[in-house]
Amino acid sequence: MAVSITCYGGVSEIGGNKFLVEDDELRLLLDFGIAFGRQQEYFNEFLRPRSTRGLLDPVALELIPPLEGLYRHDLTAPGFWERFNNQPQYRNLLADGRDRAVDAIFLSHAHLDHNGDVSYVDRDIPVFCSRVTAMITRALQCTGGTSLDREMIWINPRQFDNEGNCGSARAPYEARNYYFVDGPLSPDAAVLWQSSPGSKDLLAPRYEPDLPDRLGITYRQWPVDHSIPGATCYAVHTSAGWVAYTGDIRFHGCYGSNTRDCADGLADLHPEALLCEGTHIEDDKQVSEGEIVENALPLIRNASGKLVVADFGARNVERLQTFLRLAAETGRKLAVQPKDIYLLECISLADPGLFPDPWQLPALTVYADPKASQRIWERALRQKWIDRTVYPADVCTMPGKYILAWSLWDLNDLLDLQGIEGGIYIYSNSKAYDEEQAADLDRLRNWVKKMGLVLYGDPDDKDAVPLHSSGHASGPELVSFVKQVNPRCLIPVHTEHPLWWQSQLADTDIQILNPEVGIPLQVS
Ligand SMILES: [Zn+2]
């Protein structure tokens, strides 16, 4: 039987990657992420998908594909698929007597546009990813909101009542079946992995070392460089040859050599097909992490005696390490939120080589952000870090002793601080990609101005010194990567400009297969 790849997201869009690989009996999904762009066409932070309707909102709005059998039974109302079984993309993946809709989902990394929609998937479907990806996802679910669309690791079982409302079944949490592609967790990490995140019981997660063999899955995996640790590139073996998937990659971060090693490994396999990201193909050159240190160091030195706020993505651990270094070099402490420390502890448990035990880093402190209630993990963490906690009064007394690792969402806490005028705000984050993000950036500028701080790294200021490094490779880097791997065919994904590849690969034999949503591409 021919091997096919069907893209249900990540087609002429950045994010929402969902690729179904089918080879006779074997069915694998590569990523199952949220299409934020399409989601924002209908929803914002106030208008949200209704968990009380189970699968209805995301399926009706085509945010997740109409694939019967793939999703959680507890979210599927009786007769649900009768409403959608005439949609062009509808398929019953449990037809022909199959007992599992797909055999496994491979997750490339823990950004929500790659793993978020796993929340809706049947909990028995095994999820393959790196230890770090699993532990970051766990930390996010643990420290984030409790909404239905963040149940990537454990699920809070629901049930429909007689009026068609989907509500809590008041049953223990149920763990998904995760398989770690880079080896089992250490005993300490396993204790955390198996523990319940709240006061409810957690049905113990399974870990089956022989799972790939049992499912008949042959794969290779390589760690790759991206703006979150644990990112992984995969190749899965099919009867047509190897099908490879980059996830999100770059070459200019601290682990750029991993991506180059991955290219070597993929080239040796002579893949039949390569699904390759192209987020920033329009960029010719990327700013490196080293340049951020060079550019930010004089700014922080010049702000001697004054407060420094550093704004960067919390999961961008490399950037956090950059600011830790800058703090140590300028005699300051980096104060982060409790959830950031929790995330770092999880990463360290999953892979101590990637990040040390945060407690061992003397420049790292936790900021006592004022909260009315604290969850179990947070109470324990604050207790442990009590002697390394920075309070608003500490910052008011000696603002020049600290770098606060904050973002727009923390800026109302600036109102607790007095005497910080003349300090600096380093925006070390990406530019606005849509109107909503542009409005957020305007809000940020208003806060910074109101508090008497000076903004650096404004992405709309052409003359601003660069203070952000992207998580994605430049166009020329991606072209040389694909030419080196030399797949028989390339499937451009996670880009708004899939046709860009035509001219770039015109001097090669690589065939370009441009995907359309829900239409299978034959690769053999
Ligand atoms: Zn990513």
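Which helix holds Glu294? Glu294 sits in helix α8, residues 289–302. Helices here are DSSP runs of H or I with at least four residues, strands are runs of E with at least two, and both are numbered from the N terminus.

## Model and conventions

This is a predicted model: local features need pLDDT of at least 70, side-chain atom pairs count only at pLDDT 80 or more, and totals for chains, interfaces and linings use all residues. Residues are numbered from 1 along each chain as its sequence is written, and side-chain values use heavy atoms, with hydrogens and water left out.

## Overall fold

The protein chain has 15 helices and 27 strands. Its radius of gyration is 23 Å, close to the 24 Å from the globule rule for 524 residues, so the chain is as compact as a globular protein of that length. That radius is taken over C-alpha atoms, and the rule is 2.2 Å times the number of residues to the power 0.38. Along the principal axes, the C-alpha atoms fill a box of roughly 70 × 60 × 45 Å.

Of the 524 residues, 57% count as buried. Buried means under 20% relative accessible area, exposed means over 50%, and partly exposed is in between (1.4 Å probe, protein chains only). Take contacts between residues at least 6 apart in sequence: 71% of them join residues at least 24 apart. A contact means heavy atoms within 4.5 Å.

## Surface and charge

The protein chain exposes about 21900 Å², and carbon and sulfur atoms supply 49% of that area. Accessible areas come from the Shrake-Rupley method with a 1.4 Å probe; for residues, only the protein chains shown count as cover.

There are 48 positive and 73 negative charges, and their mean positions are 6 Å apart. Lys and Arg count as positive, Asp and Glu as negative; His and the chain ends are not counted. Each charge is placed at NZ of Lys, CZ of Arg, CG of Asp or CD of Glu.

## Nonpolar cores

In soluble globular proteins, nonpolar side chains tend to be buried together. The largest nonpolar core in this model has 121 residues. Such a core is a set of buried Ala, Val, Leu, Ile, Met, Phe, Trp, Tyr and Cys residues joined through side-chain atoms within 4.5 Å. Leu70, Phe128, Tyr178, Leu275 and Leu334 have the most contacts inside it. Helix α10 (residues 338–350) gives the largest share, 7 residues. A second, separate core has 27 residues, including Ala231, Cys233, Ala244 and Ile281.

Leaving out residues up to four places away in sequence, Tyr178 touches several residues, among them Leu107, Val127, Met152, Trp193 and Arg206.

## Positive phi residues

Arg170 is not a glycine, yet its phi is positive, about 50 degrees. It lies in the loop between β10 (166–168) and β11 (173–175). Arg170 is exposed, at 76% relative accessibility.

Asn486 also has a positive phi, near 55 degrees. Its loop runs between α14 (475–485) and β25 (489–493). Asn486 is partly exposed, at 45%.

## Acidic residues and spacing

Glu294 is exposed, with a relative accessible area of 60%. Its C-alpha atom is 9.9 Å from that of Pro466, 172 residues apart along the chain. Asp188, in helix α5 (residues 187–194), is exposed at 57%. Asp188 and Gly419 are 231 residues apart in sequence and 43 Å apart, C-alpha to C-alpha.

Asp283 lies in the loop between β17 (273–277) and α8. It is partly exposed, at 23%. Beyond residues up to four places away in sequence, Asp283 touches Ser474, Gly475 and Pro476. The C-alpha atoms of Asp283 and Tyr367 are separated by 37 Å.
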